[in-house]
Amino acid sequence: MIEKEDLTEDLTGSEAELETQQVNSLDDTKALEPGKVEFTLAGVLEGFRATIPVAIGVFTYGLVFGVLARQAGLSLIEALLMSSLVFAGASQFTALGLWVAPLPILTIIITTLVVNLRHVLMGAALRPWFSQLNLWQKYISLHFLSDESWALTMNQFAKGKRNGAFMLGSGLALGLGWVGATGVGGTLGSVLQDPARWGLDFAFVAIFIALLVGLWKGKQDILPWVVAALVAIGAAQLLPGKWYILLGGLAGSLVGAWRNAD
Amino acid sequence: MQIRAEVLLTIMGMAIVTYATRVSGLWLISRVTLSRRVETWLSYLPGTIIIAIIAPGVLSSGIAGAIAALVTVLVARRTGSMLFAMLAGVGIVLVWRTLGLP
């Protein structure tokens with residue numbers, strides 16, 4: 001295992017030396033060199049295992065979704081259907097907020113699109129590796145693209161690992177947690193009326209903070225991250241919905257590209 | 001156990017637009033040769049998007065949130081375990097609220 005990693009690093013290192021221009025400006029040259037990407041069952045299992053702690057966090061959140069979905073008037077099977085087919089927590093909670101009779105179908109669909117627009121950027125970031133996968137591998141894996149599975153997968157690629165099946169495994173673990181919890185929450189109903197009482201509303205923040213620690217590359221991250229935080233905080237005050245995620249992420253990353261590209 | 005037509009329509013619509021956002025990132029950039037600057041930009045996206053997701057929430061969660069966030073960072077750095085980091089952060093928030101602190 002360790003030997004294999006060393007080999008990958010050596011290979012990436014020598015490739016990087018050939019293109020000297022690419023070496024000096026960034027520490028993450030390794031992450032930007034796609035290398036040869038494979039797609040194996042071992043990759044699925046690795047992604048699944050690595051995601052179990054996160055899936056536990058997702059489970060607590062999914063319980064809340066299940067409870068709220070029933071309160072909003074969805075049947076258990078409808079809530080389960082939404083969690084499996086949409087599989088995007090933030091937008092599903094937003095939809096519940098809009099769920100009144102008669103159902104504003106178009107408004108809910110458009111809002112879902114906006115809340116999930118950030119996926120476009122995430123998909124773009126996966127391209128160097130995912131473009132090497134075949135049609136089925138790509139388009140099935142992409143259903144499992146979520147904030148968590150994507151961050152874990154990018155983290156994996158940044159470490160020099162090259163298994164394209166990691167995200168599928170990661171997404172399956174999250175899906176199991178999310179859909180399972182929707183079912184449990186939807187069945188138990190009123191047990192978790194107030195998740196804040198148990199500090200569970202912080203579980204997601206904590207998961208994302210832990211992911212950030214893994215993504216930290218050094219001092220060059222400070223300015224982009226600060227800009228992203230400030231723009232997100234400002235946009236959350238001024239704009240409805242989840243636009244702040246898109247705006248903050250864009251602003252911070254563009255500052256990073258502008259500062260460190262030359 | 002029931003599925004109503006208008007609910008099914010809404011859920012299918014949500015599923016289709018969401019799947020579209022998931023796959024269109026690949027198409028969007030695959031028509032453009034990545035320049036050095038675009039690659040650098042993409043390399044910053046994971047961190048900045050995650051920061052943007054949590055920043056407003058951490059800010060609005062007050063002192064408890066700030067302390068819990070800090071403890072989560074420390075535990076994540078020290079143990080490298082996402083589960084321990086999460087339990088530590090949630091634990092701080094739970095204790096804080098149980099004690100009725102501001």
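Author: Happy to! A:Phe87 sits in the loop between H5 and H6 of chain A; helices here are DSSP runs of H or I with at least four residues, and strands are runs of E with at least two, numbered from the N terminus. This is a predicted model, in which local features need pLDDT of at least 70, side-chain atom pairs count only at pLDDT 80 or more, and totals for chains, interfaces and linings use all residues. Residues are numbered from 1 along each chain as its sequence is written, while chains are lettered from A and ligands numbered from 1 in the order in which they are written.

Although A:Phe87 is not a glycine, its phi is positive, about 50°. A:Phe87 is also buried, with 23 other C-beta atoms within 10 Å. A residue counts as buried with 20 or more such atoms within 10 Å of its own C-beta, exposed with 12 or fewer, and partly exposed in between, with C-beta atoms placed from the backbone.

H4(A) contributes A:Tyr61, A:Phe65, A:Leu68, A:Ala69 and A:Ala72 to the contact, and H6(A) contributes A:Gly89, A:Gln92, A:Phe93 and A:Leu96; contact means C-beta atoms, placed from the backbone, within 7 Å. By class, there are seven nonpolar, two polar and no charged residues. Ala, Val, Leu, Ile, Met, Phe, Trp, Tyr, Cys and Pro count as nonpolar, Asp, Glu, Lys and Arg as charged, and the others, Gly among them, as polar.

Further along, A:Pro102 lies in the loop between H6 and H7 (105–115) of chain A, and the peptide bond from A:Ala101 to A:Pro102 is cis, with omega near -5°.

Now for the wider setting. The largest nonpolar core has 103 residues, and A:Ala232 and B:Ile51 are among those with the most contacts inside it. H4(A) gives the most to this core, with 12 residues.

Key: Contact = placed C-beta atoms within 7 Å. Core = buried A, V, L, I, M, F, W, Y, C linked by C-beta atoms within 7 Å.
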